[in-house]
Amino acid sequence: MRKVQISVRRLVEFVLRSGSIDNRMTSSDRALEGTKIHQLLQKEAGEEYVAEVSLKLERIVDGIAFSLDGRADGIINDQMIDEIKTTETPMEEITEDFRPLHWAQLICYGFMLAEKSDLAEVTLQLTYYQVSDKEVKQFQRVMSREDMGAFVDDLLSKYAIWAKASAAWEMKRNKTIQELTFPYDNYRSGQRELAIAVYRTVASEESLFCEAPTGIGKTMSTLFPGVKAMGEGKTDKLFYFTAKTITRQVAEDALDEMRRKGLAARSVTITAKDKICFLDERKCEPDHCQFARGYYDRLNEALFDMLQTEEAITRPIVESYARKYKLCPFELSLDVALFCDVIVCDYNYLFDPVVYLKRFFAEGPGKYTFLVDEVHNLVDRARSMYSATLKKSLVMQVKRGLDSKKNKRLLNAINAMNKEMIALNKKLKDLEKTIYVQKDELGDWNASVLKFTFVAKEWLPQNAQSESQAGVLELYFESLRYVAIAEFYDERYVTQVTRSHGDLEIKQLCLDPAFLLSEKLKLGSSSVLFSATLRPIDYYTNVLGGQEDTSRMIFSSPFKQKNMHLLVADYISTKYQIRENSMEAVVDALYALASGKKGNYLFFFPSFLYLQKVYDLFKEKYPKIRLQKQETAMDEEQREQFLESFQAGNEESLVGFCVLGGVFSEGVDLRGERLVGAAVVGVGLAQLNHESDLIKDYYNETIGRGFDYAYQIPGMNKVLQAVGRVIRGETDCGVVLLIEERFSADRYRALFPAHWNHAKTVKSTDDISREVAGFWQNR
């Protein structure tokens with residue numbers, strides 16, 4: 001008999017949800033506002049109140065053995081179930097039938113208690129807590145065990161058709177997985193070892209950090225063993241997390257390659273809401289968006305159609321079905337993900353505390369495998385995700401747009417925020433500072449922000465036609481994020497208040513995201529975090545949530561070392577203080593590289609300002625070389641045009657000037673003659689700045705390696721990524737020039753990968769010219 005495990009919350013929502021998507025009614029996460037309120041009410045209920053009780057139920061319906069689980073907020077005297085709901089809705093609008101889904105959830109818990117304790121009837125108590133006014137309203141019903149059982153069986157019967165379809169799909173999928181062989185004729189060097197390591201990690205429910213250089217085929221080496229493990233029941237779903245669209249495409253291609261070998265597996269690629277939205281102005285409200293209006297009334301029909309027909313549910317497929325059924329494409333991709341085997345998406349759908357996939361992760365751990373690609377990018381992304389900022393200019397913009405007579409309650413909340421900001425601004429002026437940092441959170445300020453979220457949530461649906469709607473909504477969402485981050489605030493945070501250009505900015509800055517990332521990784525049963533550049537691996541294990549006993553693996557480059565001629569021009573210093581003095585020497589060195597062979601080159605610089613200065617001097621001194629440069633804020637079409645110029649067989653040499661760590665230093669795949677050389681100017685250090693100095697101070701205090709963790713290692717990773725643009729395939733050849741005296745220092749040489757141990761030092765432009773000419777003569 002088929003066994004299906006499902007939570008009460010998911011069962012009730014899937015079967016009974018109806019109506020429209022409305023962002024104005026979106027509930028902020030219980031973790032933000034609900035937990036403390038729940039604890040307060042539970043404590044006030046007295047000794048007879050048992051809080052947070054786990055309940056389970058085994059039930060056979062329509063030939064399926066269901067295992068239903070959930071957590072009741074409270075049980076009173078062993079015969080009453082209490083369900084607590086926080087709300088911003090005014091108490092006078094809350095009736096007994098305010099939210100039918102709340103009663104449905106409570107009835108399920110009541111039946112589970114009746115079955116567990118052999119009760120003939122159970123009292124069901126629904127408790128609403130109005131967060132703004134701190135009022136409580138309760139409703140009670142007494143239901144018999146028989147009536148509750150009939151209600152639960154009806155829910156399970158309606159879900160059974162989906163459960164049976166999922167069971168049939170799983171049998172088909174597993175059969176094809178058992179028959180699936182590695183999709184290529186041969187393993188590349190290191191590829192089999194990586195695949196074995198990933199399989200063992202999934203099977204043993206552990207974590208692995210892995211450096212897998214370009215050419216190993218890390219996407220297939222992680223997805224293939226993950227799929228094989230899924231077919232053996234060692235994991236239920238694979239999540240492939242990445243930071244870039246191009247890497248998501250590579251994952252889709254790998255899955256298609258396995259399908260061509262007979263695999264039946266459903267995958268969905270989740271595209272960001274702003275990118276996939278059909279409207280020019282994204283406003284997720286039924287009055288504004290036809291794709292949000294009545295969404296849940298049409299959803300299940302669309303899902304059934306899609307699941308009967310599609311396996312590779314990519315962005316175009318999602319958009320096609322969304323238009324066919326008039327559904328929000330973003331929400332459709334999330335809903336279909338529940339029925340998919342592989343989910344390809346951005347980091348934030350696991351790690352971000354606000355936009356994470358609540359469908360999977362809100363109720364605790366699952367039997368999931370997390371494959372986190374290009375994980376070196378997660379360090380900065382995580383600090384950003386776990387930090388939050390609010391600006392006085394946004395608060396004042398909203399305040400000025402409100403009518404004081406019509407919006408008194410909302411204005412009072414905004415004025416409370418502004419009052420706190422005025423006090424902080426005065427403090428900065430008294431201290432004669434533009435930046436103020438403290439380790440403790442700003443309690444009064446945080447309370448004012450939380451109060452605003454409660455009031456704004458009540459105001460928004462009641463003032464849908466107000467001209468202030470957009471501004472209030474923006475401030476509401478920014479404040480929700482700020483309140484969410486405040487829940488994580490501990491010794492790994494500081495609060496930074498900055499006064500600049502007439503504005504005041506309050507930021508909760510996450511210095512060390514390791515603990516928060518580790519907690520997110522625990523939501524799965526296994527995880528593999530990998531990148532072509534993960535050096536030193538202990539650093540990345542530490543800052544990305546690994547433990548002392550977490551497995552680590554480093555693989556050698558599969559490419560022949562002799563195909564890349566690596567030169568270190570340590571006779572030039574590009575340190576910030578003396579950069580102007582060495583600019584001509586830098587230009588001459590770059591020309592010596594590019595003049596050695598006609599072809600395409602990329603030159604990388606630590607900043608746009610420095611890039612521009614070198615570009616201007618190079619153009620003036622060597623006008624015959626064709627140049628193009630990266631501009632700030634290039635859109636996708638401009639980036640594509642930039643790369644399209646790098647073609648094999650160009651009649652003249654082409655040099656692209658780019659920023660280190662920018663869009664052209666990662667994920668760019670110019671194979672063969674499309675790129676024959678690259679230069680990196682400087683060791684990639686970020687310009688000294690206040691936030692990096694705070695990170696440096698934190699790691700100096702905790703482990704004594706502040707400069708390494710804040711500046712040196714992140715900078716060197718940018719260098720490694722940029723150099724990785726040159727050799728992309730087994731037959732590629734090219735020359736790389738590192739320009740900076742510090743590249744010869746022991747602390748930087750220690751960060752060179754093993755396949756760089758043949759680096760040759762050059763002491764002049766003549767040396768560079770001679771080495772480059774000699775390399776190409778021998779090709």
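Start with the second largest pocket of this predicted model: 49 residues line the second largest pocket, and those nearest its centre are Lys-244, Gly-661, Gly-662, Val-663 and Glu-666. The volume of this second largest pocket comes to about 1500 Å³. Several elements each give two or more residues to its lining, among them helix 7 (245-260), helix 14 (378-385), strand 13 (388-391), strand 16 (503-510) and helix 20. Also on that list are helix 23 (636-644), helix 24 (690-702) and helix 25 (706-723). Helix 25 gives the largest share of the lining, eight residues.

Is Thr-550 buried or exposed? Thr-550 counts as buried because its relative accessibility is 11%, and the cut-off for buried is under 20%. Its side chain reaches the backbone nitrogen of Gln-547 at 2.7 Å. Setting aside neighbours within four places in sequence, Thr-550 is in contact with Ser-207, Phe-209 and Thr-541.

Now for another threonine. Thr-127 sits in strand 5, which runs over residues 121-130. With a relative accessible area of 2%, Thr-127 is under the 20% cut-off and therefore buried. If you'd like a sense of distance, look across to Gly-294: it is 167 residues from Thr-127 along the chain, and the C-alpha atoms of the two are separated by 28 Å.

How values were computed
Residues are numbered from 1 along each chain as its sequence is written. This is a predicted model: local features need pLDDT of at least 70, side-chain atom pairs count only at pLDDT 80 or more; totals for chains, interfaces and linings use all residues. Side-chain values use heavy atoms; hydrogens and water are left out. Helices (H or I, at least four residues) and strands (E, at least two) are DSSP runs, numbered from the N terminus. Buried means under 20% relative accessible area, exposed over 50%, partly exposed in between (1.4 Å probe, protein chains only). A polar contact is a pair of N or O atoms within 3.5 Å; within protein, one must be able to donate a hydrogen and the other to accept it, and residues adjacent in sequence count only if both atoms are side-chain atoms. Contact means heavy atoms within 4.5 Å. On a 1 Å grid over the protein atoms alone, a cavity is a set of points where a 1.4 Å probe fits but cannot get out, and a pocket is an open set with protein on both sides within 12 Å along at least five of seven lines; lining residues have an atom within 4 Å of a point. Grid points are joined across faces, edges and corners, and a volume is the space filled by probe spheres set on the points.
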